[in-house]
Amino acid sequence: MSKKRFNKPRLHCPHCGEFMMVRSSQEVMPTLRKGLVDCMNNECNFRGQFWFEIASTVAPSDMPNPDVHLEPTPFLQKRMAKQYEQEHQIDMFQPANDADRS
């Protein structure tokens, strides 16, 4: 099930500040799109090219694509390290199992 969609991100014209409309876009890679945008101000008429990149992982996917490799943000790195430490912490006061001694 997909998440509820919110308003689309809006780009502003770098010249007049009016909203811009995406006219076309194409996938370059799974994490990169390029396209054309037009200024909605008829007196400005600026047209430009944009690049949209997903640059890093803020929260890992529950369905990761093995072909996509994005570096975790520093916040996520710290969170993952803390989780790893908690999962692999040794309890010094708990007796070891016989299987662990061999």
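**Contacts.** I started with contacts in the protein between residues at least 6 apart in sequence: 17% of them join residues at least 24 apart. I counted a contact when heavy atoms lie within 4.5 Å.

**Ground rules.** This is a predicted model, so I took local features at pLDDT of at least 70 and side-chain atom pairs at pLDDT 80 or more, while totals for chains, interfaces and linings use all residues. I number residues from 1 along each chain as its sequence is written, and side-chain values use heavy atoms, with hydrogens and water left out.

**Fold.** I found 2 helices and 4 strands. The order along the sequence is β-β-β-β-α-α. Both kinds of element are DSSP runs numbered from the N terminus: helices are H or I with at least four residues, strands are E with at least two.

**Surface.** Of the 102 residues, 13% are buried. Buried is under 20% relative accessible area, exposed is over 50%, and partly exposed is in between (1.4 Å probe, protein chains only).

**Core.** I looked up the largest nonpolar core and got 5 residues: C13, M20, V37, C39 and F50. Such a core is a set of buried Ala, Val, Leu, Ile, Met, Phe, Trp, Tyr and Cys residues joined through side-chain atoms within 4.5 Å. Leaving out residues up to four places away in sequence, C13 touches E18, M20, C39, C44 and F46.

**Cysteines.** I counted 0 disulfides. C16 is in none; its nearest cysteine sulfur belongs to C39, 3.4 Å away. C39 is buried at 8% relative accessible area, whereas C16 is partly exposed at 36%.

**Salt bridges.** I found 2 of them. The criterion is a side-chain nitrogen of Lys or Arg within 4 Å of a carboxyl oxygen of Asp or Glu. D38 pairs with R23 at 2.8 Å, N to O. This pair links distant parts of the chain: D38 lies in strand β3 (residues 32–39) and R23 in strand β2 (residues 19–29), 15 residues apart. D38 also bridges to R47, with the closest N and O atoms 2.5 Å apart. Shared partners join R23, D38 and R47 into one network. How accessible is D38? D38 is buried at 10%. R23 is partly exposed at 48%, and R47 is exposed at 53%.

Terms used. A disulfide is a pair of cysteine sulfur atoms within 2.5 Å.
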